[in-house]
Amino acid sequence: MKQSLIEYRFMANSAATIAPQPDRIGFAITMAIAGTLTIASTDLTTKWLTSDLSLWQLQSMRSAFGIIFLLVLLILMRKLPTIRMINTKAVIFRSVLMTASYLAFFTALAVLPIAVVAGGYFSAPLFMVLLSAVMLKESIGIWRLSSVLAGFIGVLLIVQPDPATFDLMLALPVICAFFYALTQVFTRKYCKEETPVAMSFWLAAVFLVSGILGIIGLALLPVSPEPDFLTRPLINLPLTPLLVLVAVSIASVAMHFALAAAYQNAPASLVSPLEYLYLPAAIVGGYLFFDEVPNAMALVGTAIIIMAGLTIAWRERLAAKQRVSVY
């Protein structure tokens with residue numbers, strides 16, 4: 001399954017509180033760039049796989065391969081007990097929220113240019129600011145509020161809603177971003193004591209269950225005369241796509257450790273801006289492999305979202321310095 005860039009920030013920060021270590025800035029930057037570019041590559045590969053697979057088969061197979069690889073890795077590292085949950089209900093509900101986010105993401109990836117999907121998805125930090133104010137009672141200064149407003153202008157430029165011709169699919173990246181942001185704020189409020197590995201493992205398990213339920217649901221429904229990404233029946237995957245899917249699943253686990261290492265070895269304010277490398281990588285990859293050329297308004301909207309996100313990261317860095325100076 002595709003793991004979120006910003007989710008690794010939370011996971012790595014949680015892990016860092018368990019096992020603090022001195023900063024290694026060069027290593028952290030290398031890991032952040034490698035992890036970010038790997039995510040862009042796996043998303044491009046997943047987009048290619050969506051031409052044959054249904055959402056539900058992709059969801060279940062990718063999750064199953066990822067779980068198997070993660071279990072083998074944890075057994076070899078003798079860290080299998082780290083998947084144990086402390087608050088079972090909270091972890092499962094968190095996983096359901098994140099599953100909703102990625103169902104929207106994968107569906108959007110199948111039908112929209114990856115640049116549009118990426119631009120809408122990176123509006124998640126804007127939703128986080130608003131949701132943190134509501135759910136965590138965090139204050140929002142003028143800089144953050146201005147960044148949120150500017151970011152949503154960027155979202156409108158990407159989605160370009162027209163009441164006469166509006167397609168709900170265009171809203172999917174933003175829906176994905178909202179559920180992702182809701183997941184992370186929920187995580188901070190109710191799952192702070194959980195290990196990053198436990199959250200990652202049980203998220204993959206819920207992903208797998210959702211895919212299996214989708215496959216069962218399709219089997220019980222009449223076959224669609226014109227099946228699409230949501231309604232395609234189960235197929236026997238040829239060897240090449242199957243091996244590619246296995247590779248993507250393994251890469252998803254590997255990039256988790258790369259990004260976690262990045263956030264463990266450098267301040268989040270240094271690493272998080274590197275996440276935005278995903279956007280130009282997605283745009284270039286979409287052009288090279290799928291002949292996707294985003295229009296000028298979408299590119300302007302993406303640039304605005306990047307600037308809004310970087311402004312929020314800058315303000316977070318200043319706030320963190322102020323908290324340190326107080327103590």
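**Figure legends: overall fold and close-up views**

The accessible surface of the protein amounts to about 15,400 Å², and carbon and sulfur atoms account for 71% of that area. The model shown in every view is predicted.

**Figure 1. Overall view of the helical protein.** The protein contains 13 helices and 0 strands. Read from the N terminus on, its elements follow the order α-α-α-α-α-α-α-α-α-α-α-α-α. Of its 327 residues, 49% count as buried. Among contacts between residues at least 6 apart in sequence, 89% join residues that are at least 24 apart.

**Figure 2. Close-up of the packing of helix α2 against helix α4.** Two packed helices are described by the angle between their axes and by the distance between the axes. Helix α2 spans residues 25-49 and helix α4 spans residues 88-111; they pack at an angle of about 65°, and their axes lie 9 Å apart. Helix α2 is therefore roughly perpendicular to α4, since angles from 65 to 115 degrees are counted in that class. The crossing of the two helices, α2 and α4, is right-handed. On the α2 side, the contact is formed by D43, T46 and K47, which meet F105, F106, L109 and A110 of α4. By class, the residues of this contact of α2 with α4 comprise 4 nonpolar, 1 polar and 2 charged.

Figure 3. S123 lies in the loop that runs between α5 (114-121) and α6 (124-135). Is S123 buried or exposed? S123 counts as buried because its relative accessibility is 0%, and the cut-off for a buried residue is under 20%. Apart from its neighbours within four places in sequence, S123 is in contact with V155, A177 and I305.

**Figure 4. Close-up of R78, a loop residue with positive phi.** The loop between α3 (55-76) and α4 holds R78. R78 is a residue other than glycine, and its phi has a positive value, near 60°. With a relative accessibility of 76%, R78 counts as exposed, a class that requires over 50%.

Figure 5. Which loop contains D291? D291 is found between α12 (278-290) and α13 (296-326). Although D291 is not a glycine, its phi is positive, at about 55°. The relative accessibility of D291 is 66%, so this residue counts as exposed.

Conventions:
Residues numbered from 1 in each chain as written. Predicted model: local features only at pLDDT ≥ 70, side-chain atom pairs only at ≥ 80, totals over all residues. Heavy atoms only, no water. Axes fitted to C-alpha atoms, helices over the stretch in contact; angles between N-to-C directions. Helix = DSSP H or I, 4+ residues; strand = E, 2+ residues; numbered from the N terminus. Parallel < 35°, antiparallel > 145°, perpendicular 65-115°, else oblique. Left-handed = near helix turned anticlockwise from the far one by under 90°. Contact = heavy atoms within 4.5 Å. Nonpolar A, V, L, I, M, F, W, Y, C, P; charged D, E, K, R; others polar. Buried < 20%, exposed > 50% of the residue type's maximum accessible area, 1.4 Å probe, protein only. Areas by Shrake-Rupley, 256 points an atom, 1.4 Å probe, with all protein chains shown as cover.
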